[in-house]
Amino acid sequence: MSFSMTGYGQSTVQHGGYKIQIEVKSVNHRYCEIMLRMPREWASMEDSLRKLVQSKVKRGRIDVFVNKEQDDGQPSSLQLDHDTAAAYITAAAELRQRYEVAGTLEVSHLLALPGVMKMQERSNEQDDPEQLQELLKQGLDEALNGLVEMRVREGRHLVLDLTSRLAHLEQLYQEMRELAPTVVEEHRIRMKQRLSELQDGSFHWDESRIGMEVAIFADRSNIDEELTRLSSHFGQFRQLLEQDDSIGRKLDFLLQEMNREVNTIGSKANHLALVNHVVEMKAELEKIREQAANLE
């Protein structure tokens, strides 16, 4: 089973009147890079959360967001700020005395003034750190399971696409192997045709010299070794796609080797059909490289 490096997962847990939302996103990256964003007071728990991510994700950039907010479903407790209320009452008395303003400050008016009543929050110091850490790990584990599930689905689609493209490469390879033996004979025929066109009776063909030129051409244009290595690379590529492991880097290395062999064939091929096959194979390899870059 191969994994894509793109995925998303989320979860929500309750703690002390708060709703804690955890989101995990991953995208392509050469290595495993983990970015954690969470409330500063929970920074001491970052290491254990990071290790949990590393146990489930081998490669990619993983962004973890941990946010807490007051749970609207939980009953809230209010606290009277006596200092603020006293300041408002003193200010009202001063206004009446200095400016001879009529009126009284009612309790209902006072309660509506900003800062008089405050939401009483549960102190983080009263939380059990071990209990909170275990809760965060449970929430992160749930989010990671969603992330991995999505990466598996994406990876399955990528493998199907790569398998189809590999089959196309193998078809091109087979056609190139069938063309390769005809290159030398066609070159010999073309050489004789050109000599015949130039023949005006002033010279005689030297069959041994022609044979030598054909032999030199055959040696320079021989692509048997490159085709053999390509076949081996195709087999290794197919085996990797069937592995339950992180295969992205290995595929990238194999694709570099395939490109090298195809480029060598292109430099040796003195044959239009072979050159066309090389161009098509290079275009397909580039598409495969783009897709393989998404695999873990």
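Q: Buried means under 20% relative accessible area; by that cut-off, what share of the 296 residues in the protein counts as buried?
A: In this predicted model, 33% of the 296 residues are buried, which means that this share has a relative accessible area under 20%.

Q: What makes β3 and β4 a pair of strands, and do they run parallel or antiparallel?
A: Pairing requires at least two bridges between the strands, and six bridges join β3 (residues 32–37) to β4 (residues 60–70), so the two count as paired. The strands run parallel, and one of the bridges links Cys-32 to Gly-60 of β4.

Q: Which residues are closest to the centre of the largest pocket, and what makes a residue part of its lining?
A: A lining residue has an atom within 4 Å of a point of the pocket. The largest pocket holds about 230 Å³ of space, and of its 15 lining residues, Arg-30, Arg-59, Gly-248, Arg-249 and Asp-252 are closest to the centre. Helix α7 (248–268) supplies the largest share of the lining, six residues, while α8 (272–292) supplies at least two.

How values were computed:
Residues are numbered from 1 along each chain as its sequence is written. This is a predicted model: local features need pLDDT of at least 70, side-chain atom pairs count only at pLDDT 80 or more; totals for chains, interfaces and linings use all residues. Side-chain values use heavy atoms; hydrogens and water are left out. Helices (H or I, at least four residues) and strands (E, at least two) are DSSP runs, numbered from the N terminus. On a 1 Å grid over the protein atoms alone, a cavity is a set of points where a 1.4 Å probe fits but cannot get out, and a pocket is an open set with protein on both sides within 12 Å along at least five of seven lines; lining residues have an atom within 4 Å of a point. Grid points are joined across faces, edges and corners, and a volume is the space filled by probe spheres set on the points. Buried means under 20% relative accessible area, exposed over 50%, partly exposed in between (1.4 Å probe, protein chains only).
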